[in-house]
Amino acid sequence: MVRPIGIGLIALWSLWAITPVRAQAPGRAPERWRLVEMWRSGGDPTLDVSFGSVADLEVAANGQLLVLTRGRSPRLVWVNNTGDPVRAIGGTHAPPLLHAPNGIAQFPDGRIVINDPEVGRFVIVSDTGTFIREIDYQPWGWTVQWLGFVGPGGALFDPVADGPRLVWRRWAPDFSASQLLPALPCDVGLVRADPGTTFHVDGTAGRAAIPVPFAQPPIALARAADGSTWSGIAPDYRRIVHTAWRRCDDAPPAIVLAGEPLPVPAEARQAAIDQIEQIAIDVGAPVLPDLDRLPATQPLFHALRIDRQQRLWVERLTASGDAHAFSVFDPDGRPRAAIATIPVTIDTTRPVTFSDNQLFVFTTDDSGWTWLVALRIERIG
């Protein structure tokens, strides 16, 4: 049976695979930006749309948002610039049929491809949601969120298993042909995880691979539109390096974060231990993993994101340890802006996307309801 591949089983970085970093050159002082909430949307019951389980979020060619939802009735939803869902397609009863989709990508001509890996199927629709065709492929396993992307030449790149290794499958824009491209040792998105970052728990009812809490940032890699990556380097994640798509010969630019690691709060550590213990009970494990492997401090950043200008947004904990801020860097690694506070708590496990001057995130309120939030990016002064 094909099994899903957990996030912790695919390495997002590899020390030996990265060419030496070079120090960041001095430059101008970063600008001061702020984020201002414009609207929030909780979905639309008349379209059977809610955001409690979301697989992907992108800005469509027409400027509207594309939200791919999971659950009992998966949908691809168009959201307008005031937060109203205006169109939804999919479900399980009429074309385009969706089973358990995990991501979308958009071609330069506007076509949208929806990946549905459990059934081995790409669903192709127009930019307005008109069903075009389905492409069947051999299922191999899948990540929680699809890692596929459309490159600058219009080809779709999709990670697949080729025996014991992960490789890229390159699809022609019309899906008439595909070829496998070996992953290079510098392709940090497809290198196996360091064993030290994962607990492997075996029991009478199954087995589980659990990322070691606080050993790595929740999102330690971001892939740009050209296929290149920014990735944090263990063990402290002070350095973030840029690796060009399928190139290993050039020394990449590097970002070196200032500050000292913050301690793991006692309540957060205990919550992580409780979760690991519950997983061990669920699989019938006779012993617990070595919980002494949980680090005492947190990585220097929380998540990496890339905006439409190919700038890197580094989400960090503030000195207080209970709030988050952004440091923004230009594509060449120079500091661009600092955002002192984020006005909402971003759900890290849900997708984030950008327009030219807005940031779109999901947040969950105290009642447990999930909202899609639009934040305007403003310069201060």
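Which residues of helix α1 are buried? The buried residues of α1 are Ala272, Ile273, Ile276, Ala280 and Val283, where buried means under 20% relative accessible area, exposed over 50% and partly exposed in between, with a 1.4 Å probe and protein chains only. This is a predicted model, in which local features need pLDDT of at least 70 and side-chain atom pairs count only at pLDDT 80 or more, while totals for chains, interfaces and linings use all residues. Residues are numbered from 1 along each chain as its sequence is written, and side-chain values use heavy atoms, with hydrogens and water left out.

**Whole chain**

- The protein chain has 1 helix and 28 strands; helices (H or I, at least four residues) and strands (E, at least two) are DSSP runs, numbered from the N terminus.
- Of its 381 residues, 50% count as buried.
- The accessible surface of the protein chain is about 17,900 Å², and 53% of it belongs to carbon and sulfur atoms; areas come from the Shrake-Rupley method with a 1.4 Å probe, and for residues only the protein chains shown count as cover.
- Among contacts (heavy atoms within 4.5 Å) between residues at least 6 apart in sequence, 52% join residues at least 24 apart.

**Helix α1**

- Helix α1 covers residues 266-283, and its 18 residues should span 26 Å at 1.5 Å a residue, which agrees with end C-alpha atoms 26 Å apart; the expected span is 1.5 Å times one less than the number of residues.
- Glu267, Gln275, Ile281 and Asp282 are exposed, on the face of α1 turned away from its buried side.
- Gly284 follows α1 and has a positive phi, near 75 degrees.

**The eight-stranded sheet**

- An open sheet of 8 strands runs in the order β22-β23-β24-β25-β2-β28-β27-β26, with mixed pairing; two strands pair if DSSP finds at least two bridges between them.
- The edge strands β22 and β26 (353-354) each pair on one side only.
- Strand β23 (residues 312-317) has 5 of its 6 residues buried.
- β23 pairs in the antiparallel sense with β22 (residues 303-306) over 4 bridges, and is joined to β24 (residues 324-329), also antiparallel, by 6 bridges.
- Glu315 of β23 is the bridge partner of Ala303, and in β24 the bridge partner of Glu315 is Phe326.
- The β22-β23 hairpin has 5 residues between its strands, and Gln310 there takes a positive phi near 65 degrees.
- The β23-β24 hairpin has 6 residues between its strands, and Gly321 in the turn has a positive phi of about 85 degrees.
- β2 and β28 pair in the antiparallel sense over 8 bridges, and Val36 stands opposite Arg376 in β28.

**Nonpolar cores**

- The largest nonpolar core has 17 residues, and those with the most contacts inside it are Trp33, Leu35, Trp313, Phe326, Leu359, Val361 and Leu375; a core is a set of buried Ala, Val, Leu, Ile, Met, Phe, Trp, Tyr and Cys residues joined through side-chain atoms within 4.5 Å.
- The elements giving two or more residues to this core are β2 (31-41), β24, β25 (335-339), β27 (358-364) and β28 (370-379).
- β28 gives the most to this core, with 3 residues.
- Leaving out residues up to four places away in sequence, Leu359 touches several residues, including Leu35, Phe326, Val373 and Leu375.
- A second, separate core of 15 residues includes Ala222, Tyr237, Ile240 and Phe329.
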